[in-house]
Amino acid sequence: MDYRKTIIDFTEQQYPLYKDISLAIHAKPEVSNYEFFASRSLSEQLRAEGFAVKVDVAGHRTGFTASYKSQKSGPVLVFLAEYDALPVLGHGCGHNLFGVTSSLAAAALKQVIDSTGGEVRVYGTPGEEGGENGSAKGSFVREGYFKDVDAALCEHPGHRSCNMLSQPTIGCAPLDVEFFGKSAHAASAPWEGVNALDAMIGVFNAMNQLRQQVRPDVRMHGVILDGGSAPNIIPDHTFGKFYMRAASMPDLYALIEKFKNIVSAAALATGCRSRCEPYQNIVENLVVTPLFDEVFRKELESFGESVNLKDPSSIGSSDVGNVSQVVPTIQPYIGITDNDVPNHSELMKAAACSEQGLATIKLGAKVLALTALDLILDPQLLRAIKEEHAQKIKEQ
């Protein structure tokens, strides 16, 4: 069997079907914990491809696993699938392409896995953008879904006019902050009140003071979602959401403790009670394994594509980082537009359902499947990738 030809021919043949699935998901955007249509569309297609499928896994009702195991021994390779949309905007991050590309790549690799040996899986991971029960990859890691996995692969739609290899991301702790005070009339009896809004404003002031004492990679931002009901009533409750970000997990956990101290101090200063706790999984930083990315690069270039090796001008967070903390992981980018456009924008949303954007499903699936094939056929390469990943983990 010509493994490469089999994978490429299958991808070409099945692309129209997966293209339709992507368009349907784009037309019906769903946010974290509500991706019922997208989860069903992808998992049912994988079941039709011969995968054993389980839905509602790792504590996520819209999460799924799909697996196919050869009778011959070999590595376990996981394709990560995202399919959530952004609130209000919809698929402005291109996840309608992301999940479909990973699913088609897995289905293509399955066509040869009986001969090569090994196991191919797809993990449908909800809520990469955060939100209700968001950042599911952290749950998959915590619940042991990667304990027997050798490597994980995915490819993200790129909002630039170029292709890029996996980029470092920063860890992110999404935190809820609440203050509980006592209401009173702000003019006639303010002394009877305990101002919860003062406590929340104190958090912002102290957070801004902290900015000059942290490393350059640290980011802190938040919004007040409940600041009171009327100006003549002292607020007895305030509620806000905050992101604490840092380039390494030790730095992030230290930042979280500093922020919690800020919240406690604001409560003490105003006489309020406070609550500060994560509202979803903490997102860890992405550990890049260059040797793994080089395999993807070689396969991408075999299709006449090039890779931009310049450092990116933006920085962000993704729960693919949680996976990279435990197994070698790649998340390169294939550009879906001829012009650089803002990510999480209407322009990116339009690109995600354009013919150019949709065509990256076929290219991305081929390259991901062939990258996985290289790892199966070359045990020494896979061993070297795992050794490099282990060293990168130590160097954090």
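Select Glu 128 to begin: it sits in the loop between strand 4 (119–124) and helix 4 (136–142). The model is a predicted one. Is Glu 128 buried or exposed? Its relative accessibility is 11%, and because buried means under 20%, Glu 128 counts as buried.

Now show what surrounds Glu 128. Leaving aside residues up to four places away in sequence, its contacts are Glu 82, Asp 84, His 95, Ser 135, Lys 137, Ser 317, Ser 318 and Asp 319. Pick Ser 318 from that list and display both C-alpha atoms. Glu 128 and Ser 318 are 190 residues apart along the chain, yet their C-alpha atoms are separated by 6.6 Å.

Strand 1 (residues 52–57) and strand 2 (residues 60–69) run antiparallel and are joined by 5 bridges. In general, strands of a sheet pair through backbone hydrogen bonds, either parallel or antiparallel. Two pairs of residues can be picked out here. Val 53 has Ala 66 of strand 2 as its bridge partner, and Val 55 stands opposite Phe 64 in strand 2.

Follow the chain from strand 1 into strand 2. The two strands form a hairpin, with 2 residues between them. Which residue in the turn has a positive phi? Select Ala 58, where phi is about 55 degrees.

Move to Phe 36, which lies in helix 2 (residues 36–48). Its relative accessible area is 38%, so Phe 36 is partly exposed.

Finish with helix 10 (residues 355–377). Helix 10 has 23 residues and reaches 34 Å from its first C-alpha to its last, close to the 33 Å expected at 1.5 Å a residue. How many residues of helix 10 are buried? The count is 18 of the 23, so helix 10 is largely enclosed by the rest of the structure. Show the surrounding chain as a surface, then hide it again to view the helix.

Key. Residues numbered from 1 in each chain as written. Predicted model: local features only at pLDDT ≥ 70, side-chain atom pairs only at ≥ 80, totals over all residues. Heavy atoms only, no water. Pairing = 2+ DSSP bridges. Helix = DSSP H or I, 4+ residues; strand = E, 2+ residues; numbered from the N terminus. Buried < 20%, exposed > 50% of the residue type's maximum accessible area, 1.4 Å probe, protein only. Contact = heavy atoms within 4.5 Å. Expected span 1.5 Å × (residues − 1).
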